[in-house]
There are 2 protein chains.
Amino acid sequence: MKIALAQVNSIIGDLEGNVERCLAAVEAARAQGADLVVLPEMTIPGYPPRDILFDGSFITAVEAATTDLAHQVAEGPLVVVGTAMPGGMVAPEHPGLLNAAVMLHAGEVTLVAAKRLLPTYDVFYEARWFTPGAVLPPLDLGGRRMGFLVCEDLWDEGYAFHPPADLLAAGADLLICIAASPFRKGILAQRFYHAHRPHCPLVYVNLTGANDEIIFDGRSFVLDGDGRLLAQLPGFEPAVQVIEFPSAPLSAPPTPAPEAILFQALVLGIRDFVTKNRLGRVTLGLSGGVDSAVVAVLAAEAVGAANVTGLAIPSRYTDPRSTECAHELATTLGIGFEVVDLEPLHAAVETALNDWLGTGVGAENAQARLRMLVLMAYVNRYGGILLNTSNKTELALGYGTLYADLAGTLSPLGDLTKPEVYALATWIQENRGVPIPAFILERPPSAELKPDQVDPFDYPKIAPLLEQLVLENRSNAALRRSEHKRWHMGVILKVSDKAFGTGRLIPITRR
Amino acid sequence: MKIALAQVNSIIGDLEGNVERCLAAVEAARAQGADLVVLPEMTIPGYPPRDILFDGSFITAVEAATTDLAHQVAEGPLVVVGTAMPGGMVAPEHPGLLNAAVMLHAGEVTLVAAKRLLPTYDVFYEARWFTPGAVLPPLDLGGRRMGFLVCEDLWDEGYAFHPPADLLAAGADLLICIAASPFRKGILAQRFYHAHRPHCPLVYVNLTGANDEIIFDGRSFVLDGDGRLLAQLPGFEPAVQVIEFPSAPLSAPPTPAPEAILFQALVLGIRDFVTKNRLGRVTLGLSGGVDSAVVAVLAAEAVGAANVTGLAIPSRYTDPRSTECAHELATTLGIGFEVVDLEPLHAAVETALNDWLGTGVGAENAQARLRMLVLMAYVNRYGGILLNTSNKTELALGYGTLYADLAGTLSPLGDLTKPEVYALATWIQENRGVPIPAFILERPPSAELKPDQVDPFDYPKIAPLLEQLVLENRSNAALRRSEHKRWHMGVILKVSDKAFGTGRLIPITRR
């Protein structure tokens with residue numbers, strides 16, 4: 001029996017489009033001779049639809065789309081796909097849905113697995129909408145006894161139930177796991193670890209594509225019972241590949257550098273946000289600092305240089321080399337570049353608000369807010385969105401100004417520590433053919449909002465400490481004092497185990 | 001047996017302070033001769049601590065604080081109080097806590113109820129941290145058989161388990177429910193309905209005080225088995241009151257106007273945000289429109305007129321009566337008032353950004369952003385926070401400018417429709433001795449960002465339609481298109497069944 005792993009990039013709520021994406025994958029699989037095509041978790045509704053799942057008319061439409069797909073693949077091959085379906089109301093304001101794997105055969109939709117372990121931590125809130133599924137027996141197909149799992153079902157350590165063990169006890173000799181597993185650094189090794197634990201051949205099909213904060217990396221794979229890799233699909237793009245058992249282990253599994261994977265992840269995060277929301281283009285402040293340099297490179301890769309504009313907005317405190325470097329990088333990348341002198345605006349604000357500004361933080365913040373105003377004027381004129389260029393260390397410290405450098409609808413680097421941004425810049429320099437001006441990499445980080453200002457932090461020392469506090473949901477004075485700033489942030493692309501965003505519910509008002 | 005209902009206002013994470021608050025309430029109850037003092041759900045940690053509950057050292061500290069309180073009340077009376085305690089790890093990254101009611105007696109802490117029904121909808125995410133408690137038998141105390149419940153346990157319709165029925169089956173003749181039930185319009189009648197369903201005398205003790213979005217209204221009460229009100233504590237403030245059984249029904253239960261309750265709720269929401277975060281003061285743009293007029297009144301009541309400043313920032317398009325009315329209202333309220341002419345800043349921006357601004361939305365947004373800059377300059381100079389003055393209808397329509405009128409750390413009216421804001425303004429005028437200038441109430445709503453501009457909406461018609469869509473987690477083009485703006489919002493005080501904020505998880509990227 002030939003099994004196709006078909007990782008697709010679905011769009012939340014785009015039911016017709018998602019059915020089309022499934023059909024295209026099934027067609028590609030059929031061309032490769034597949035008998036069974038496996039598509040990821042929640043492909044039909046898109047993932048995560050979150051509170052849209054409370055809308056009963058949406059569930060009805062998802063069921064209709066699933067049936068429609070079943071009819072369209074009635075001639076074969078067999079298809080297993082992730083979808084949502086009613087599972088019985090379990091509580092007030094709880095829709096009690098199943099996070100389902102269904103088999104499409106001869107026009108019929110049959111439940112083959114309903115997710116039993118519902119992750120309800122970090123960016124996962126599945127207990128909000130779903131009810132745990134019951135144990136379903138393996139299916140006899142093509143001489144195999146196939147047991148089906150949905151994502152967290154494989155991640156069963158510590159849970160009271162053990163879906164893989166239950167399937168093995170029922171005689172399964174092949175496990176098929178459909179997943180929508182978000183990218184974060186080092187996640188692939190964790191997936192291999194969990195996929196190997198049942199010591200049974202396993203097909204793992206993961207979603208690809210980004211939806212808001214969450215980037216799905218695909219990288220679907222097949223392991224044999226000894227945990228050897230038999231197949232692995234590419235990362236961060238749709239792909240279809242057929243596997244037959246038995247199959248020889250891959251002789252040289254791909255092992256790209258961590259920064260290479262991070263680069264791909266962030267590019268996909270930006271691209272999908274821009275394209276799925278039909279935004280067209282992006283604008284960013286290109287200051288001559290390392291953060292905005294990296295965002296510019298990522299954006300150009302994601303949406304094409306012609307759709308990116310960097311604005312340099314130098315003030316009386318800006319080192320002339322900052323703007324020169326910004327210009328140089330923009331030229332290298334081929335992105336749009338404009339320079340707006342902040343001085344006339346700065347002077348007008350000083351005249352108008354002389355009594356209030358003083359020379360302290362207010363005077364600095366006003367400059368940063370004027371820059372936002374200039375950037376947003378460009379966005380209003382030419383469309384698209386403003387990209388935020390903050391990094392996670394700054395966000396943890398609260399070292400940023402509300403409605404200023406903290407502005408921006410999408411934050412590509414908001415989950416990277418400052419040292420990680422430098423490492424990514426260096427990797428880009430060495431591997432992407434983009435010479436980043438040496439001044440950008442070597443200068444001390446500075447907001448350039450007063451004379452001779454440099455960031456008052458030992459980043460290599462403080463960044464990992466803050467990272468650990470955030471990971472453990474702990475806090476310190478800086479984190480507590482800046483919680484309200486992060487509450488205000490746009491969408492931060494998640495690449496770590498604990499990002500600022502919807503995966504972190506920490507009160508502002510606390511002691 | 002004399003039972004004291006003791007509704008307190010605890011602060012999340014302020015364990016020492018919360019123990020002190022409990023002790024003060026116990027002292028007041030003792031002075032009234034209480035044999036048993038009942039304190040609200042999660043009083044010791046504060047509610048909702050959310051992901052702070054993932055920090056194991058916090059749980060250890062909460063347990064120590066609970067034990068400390070037990071020791072301090074060892075001489076009596078008996079105390080029942082809500083706290084968090086370990087209940088056994090149930091899943092990876094799941095702390096498996098109990099949302100517990102404990103009895104403090106002779107220095108010992110004894111579990112009398114662990115919440116069995118864990119709400120996981122709207123602003124509730126309890127399945128994220130808690131594991132459902134087991135059935136515990138009623139206790140024989142003072143000739144009564146008392147059954148204990150925690151909040152949602154009473155709200156059992158539709159759930160598979162029925163905690164009140166289980167307690168009655170075990171012989172309970174008095175139910176004691178400790179709660180942290182958020183305020184929303186009409187909630188008290190719902191509480192009475194659910195409290196009456198077991199047809200058993202019931203003591204309901206609810207938290208008071210606001211923590212970020214959520215306002216707890218207190219209004220603890222006692223019902224007899226026929227659902228008659230025997231006692232009711234005041235709303236929105238700490239209070240202690242003793243009840244004995246049997247007791248005569250209240251002859252005239254308090255029934256304030258809905259707007260009176262809303263006023264109290266919003267005032268508490270502002271006051272607690274400002275005082276618990278030690279912010280000192282608030283600033284708002286006082287435009288001469290109805291929204292900012294109402295926010296000014298609420299803020300003056302919440303934190304004292306001396307701690308409120310309204311800034312009028314008229315532009316070339318501002319009707320002179322707008323600023324006159326703003327001034328008049330500020331004088332009536334006794335709040336600080338400043339006028340900053342937008343023209344020089346506006347002119348400077350036009351000169352600097354002439355190519356981009358044009359006369360469309362960009363030109364309007366730049367003015368709104370300059371106003372934010374002026375307001376934040378004042379906040380930076382004098383401390384405190386900016387109050388947002390948006391209403392829910394504008395937020396639903398996306399009729400507001402990012403980093404401009406949508407700015408502000410706290411949004412008092414973000415969960416009130418435009419017609420509700422008018423109704424509240426009228427109620428204030430008639431009941432709070434604050435004459436609101438007639439022009440503010442009678443003018444057509446306008447952003448005053450271009451000549452003769454008025455808001456292009458039939459608010460009385462569109463507001464309820466949008467409200468219904470939001471309540472049902474449904475959408476329309478305006479809601480979808482503006483999701484990213486709401487993602488960026490500060491803290492919106494929740495007063496309806498479905499507010500924008502952490503109770504609404506809707507993706508931006510969708511179709």
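The legends below describe views of a predicted model.

Local features were required to have pLDDT of at least 70 and side-chain atom pairs pLDDT 80 or more, while totals for chains, interfaces and linings use all residues. Residues are numbered from 1 along each chain as its sequence is written, and chains are lettered from A in the order in which they are written.

**View 1. Chain A as a whole.** Chain A has 16 helices and 20 strands; helices (H or I, at least four residues) and strands (E, at least two) are DSSP runs, numbered from the N terminus. Its radius of gyration is 25 Å, close to the 24 Å of the globule rule for 511 residues, so chain A is as compact as a globular protein of that length. That radius is taken over C-alpha atoms, and the globule rule is 2.2 Å times the number of residues to the power 0.38. Along the principal axes, the C-alpha atoms of chain A fill a box of roughly 80 × 50 × 40 Å. Of the 511 residues, 59% count as buried (20 or more other C-beta atoms within 10 Å of the residue's own, C-beta atoms being placed from the backbone).

View 2. Domain 1 covers 2–247 and domain 2 covers 262–492, with bounds from an automatic or database domain assignment. Taken over C-alpha atoms, the centres of the two domains are 38 Å apart. The contact takes 11 residues from domain 1 and 10 residues from domain 2; residues are in contact if their C-beta atoms, placed from the backbone, lie within 7 Å. On the domain 1 side, β10 (208–211) and β11 (214–217) each supply at least two residues.

**View 3. Helix α7 of chain B.** Helix α7(B), residues 320–333, has 14 residues and reaches 20 Å from first C-alpha to last, close to the 20 Å expected at 1.5 Å a residue (1.5 Å times one less than the number of residues). Just after α7(B), B:Gly334 takes a positive phi of about 80°.

View 4. B:Ser322, B:Cys325, B:Ala326, B:Leu329, B:Ala330 and B:Leu333 are buried. Seen down the helix axis, the buried residues of α7(B) fall within an arc of 135°, so they line one face; the arc is that of the directions from the axis to the C-beta atoms. Their cover includes α6 (290–303), β16 (308–312), β17 (336–339) and α13 (438–442) of chain B. The face turned away from the buried side carries B:Pro320 and B:Thr331, both exposed (12 or fewer other C-beta atoms within 10 Å).

Notes: Two residues are in contact if their C-beta atoms, placed from the backbone, lie within 7 Å.
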